[in-house]
Amino acid sequence: MSNRLNATPNDMRAFWMPFTANRQFKKEPRLFVSAKDMYYTTHDGRTVLDGTAGLWCVNAGHCRPKITEAIRQQAGELDYAPAFQLGHPKAFELANRIIDIAPEGMSHVLYTNSGSESVETALKVALAYHRVKGDGSRFRLIGRERGYHGVNFGGVSVGGIVGNRKMFGTLLTGVDHLPHTHLPAKNAFTRGQPEHGGDLANELERIIALHDASTIAAVIIEPVAGSTGVLIPPKGYLQRIRELCTKHGILLIFDEVITGFGRLGTPFAAQYFDVKPDIITTAKGLTNGVIPMGAVLVTSEIHDAFMHGPEHMIEFFHGYTYSGNPIASAAGLATLETYKDEGLLTRGAELASYWEDALHSLKDCPHVIDIRNIGLIGAIELEPIAGEPTKRAFSAFLKAYEKGLLIRTTGDIIALSPPLIIEKAQIDELFTKLREVLQNNI
Ligand code: PXG
């Protein structure tokens, strides 16, 4: 496909698109052909403000020169190096740079190629960790209702989005779920962390009492749940989950695939909430979404537990052909440099209150039943059309796109997560456009 403005593919049949209404799309295609900083350009030559950082990943904005150049250079210098039993310098350098900004206690990095793979990797590390410590009866994994941990079998098993689970048989066994924390009757229109629901963390005690702590390997949660429609942890919730995990010898995994790399105004959500997990999963913002790459961060306690036995033996039987791929590593390094040069990992903190006020100004729009926010994340929950769930939000998505604004919808919830380079004037532009959409008979 050429990137000329008026070029559209003449046949769209072969590509079965992910998480897409394929038939609707192919009747009315929406294609981006170029992008710069905060804006996309569509195939019909229109400019679209990126209200979602692509899919929560383009945190530094689009086509940033340092990242583009790093990829170009690396592709001409060392395109690929085997990932097993061999290496190349940039994978090591990037791991160090990640640890530099990671929450205290994180000391080692395993590479993956996506958030889904980061989750599978984290779950396997957790199971294997207990086993190498001689505690192999800890095989259960605890997730949460409405959780999203990617689309592979482990992640879907611990995830809690019904549509993502119901088609796929028995999934992993030995999995249980915490209740979700969405309490709109009590918490609607909360700014920041909700007051109510912190006690739901105690449900972990009920699950532990049922299965016995000695069978539980790990709890995995998103510090802020994104895909399900932005659920912000109630005050005290994450702290209590941490306390219970520590008390019962259970590893705590924070899935930071969307919250990692500045989304809340700190490098990671663990720092924002001041709660230390044992494992952190990341992807997306690690390479600004430009090249597929994820990373799983673990403590030295976890890493060191594996470093036993004969030195010629592989310590952990896991990894991918593309783990720490040279071009992805170069992209990751340039991305972290861009974040540093421009202060982007903390920029969300500076903009958060302006963002919050602008978002909550939509409270009076028709059908709005809740608005919630944290860092540079916002969500607007709409009242579903009776008997036609998701239709109202999807219609808002289509109208916004026509007006030159990219939003994300899930169910009847609009989720917003702009690139961290957004300016106040662009926040105004975003919410002016969104107000017009919401007031326009959706
Ligand atoms: N964990 C979390 C918390 C995620 O948000 C994944 C794992 C999986 O990542 P990959 O790279 O395998 O897609 C995600 C992905 C949305 C949206 O609009 C969210 C994601 C992906 C696409 C859309 O909410 N999250």
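Mentor: A definition comes first: a cavity is a set of grid points where a 1.4 Å probe fits but cannot get out, and its lining residues have an atom within 4 Å of a point. Please also keep in mind that this is a predicted model.

Trainee: How many cavities of 30 Å³ or more does the structure hold?

Mentor: The structure holds one cavity of that size. The largest cavity has a volume of about 110 Å³.

Trainee: Which residues line the largest cavity?

Mentor: The lining consists of Thr181, His182, Leu183, Asn187, Thr190, Gly192, Pro194, Leu231, Ile232, Asp370 and Arg372. By class, four of these residues are nonpolar, five are polar and two are charged.

Trainee: Now the pockets. What volume does the second largest pocket have?

Mentor: The second largest pocket contains about 1,300 Å³ of space. Its lining has 40 residues, and Ala83, Val109, Leu110, Glu315 and His318 are the ones nearest its centre.

Trainee: On to the ligand. Which residues come nearest?

Mentor: There are 15 residues around the ligand, and Trp56, Gly115, Ser116, Asp255 and Arg408 come nearest. Two helices, α2 (53–56) and α5 (115–132), each contribute at least two residues to this shell.

Trainee: How do the residues of the shell divide into nonpolar, polar and charged?

Mentor: Five residues of the shell are nonpolar, six are polar and four are charged.

Trainee: How much of the ligand's accessible area does the protein cover?

Mentor: The ligand on its own has 540 Å² of accessible area, and the protein covers 85% of that.

Trainee: Finally, the overall fold. How many helices and strands does the chain have?

Mentor: The chain has 16 helices and 15 strands. Its radius of gyration is 22 Å, close to the 22 Å that the globule rule gives for 442 residues, so the chain is as compact as a globular protein of that length. Along the principal axes, the C-alpha atoms fill a box of roughly 65 × 55 × 45 Å.

Notes: Residues numbered from 1 in each chain as written. Predicted model: local features only at pLDDT ≥ 70, side-chain atom pairs only at ≥ 80, totals over all residues. Heavy atoms only, no water. Near = heavy atom within 4 Å. Areas by Shrake-Rupley, 256 points an atom, 1.4 Å probe, with all protein chains shown as cover. Helix = DSSP H or I, 4+ residues; strand = E, 2+ residues; numbered from the N terminus. Nonpolar A, V, L, I, M, F, W, Y, C, P; charged D, E, K, R; others polar. 1 Å grid on protein atoms, 1.4 Å probe; cavity = no way out; pocket = protein on both sides within 12 Å on 5 of 7 lines; lining within 4 Å. Points joined across faces, edges and corners; volume = space filled by probe spheres on them. Rg over C-alpha atoms; globule rule 2.2 N^0.38 Å.
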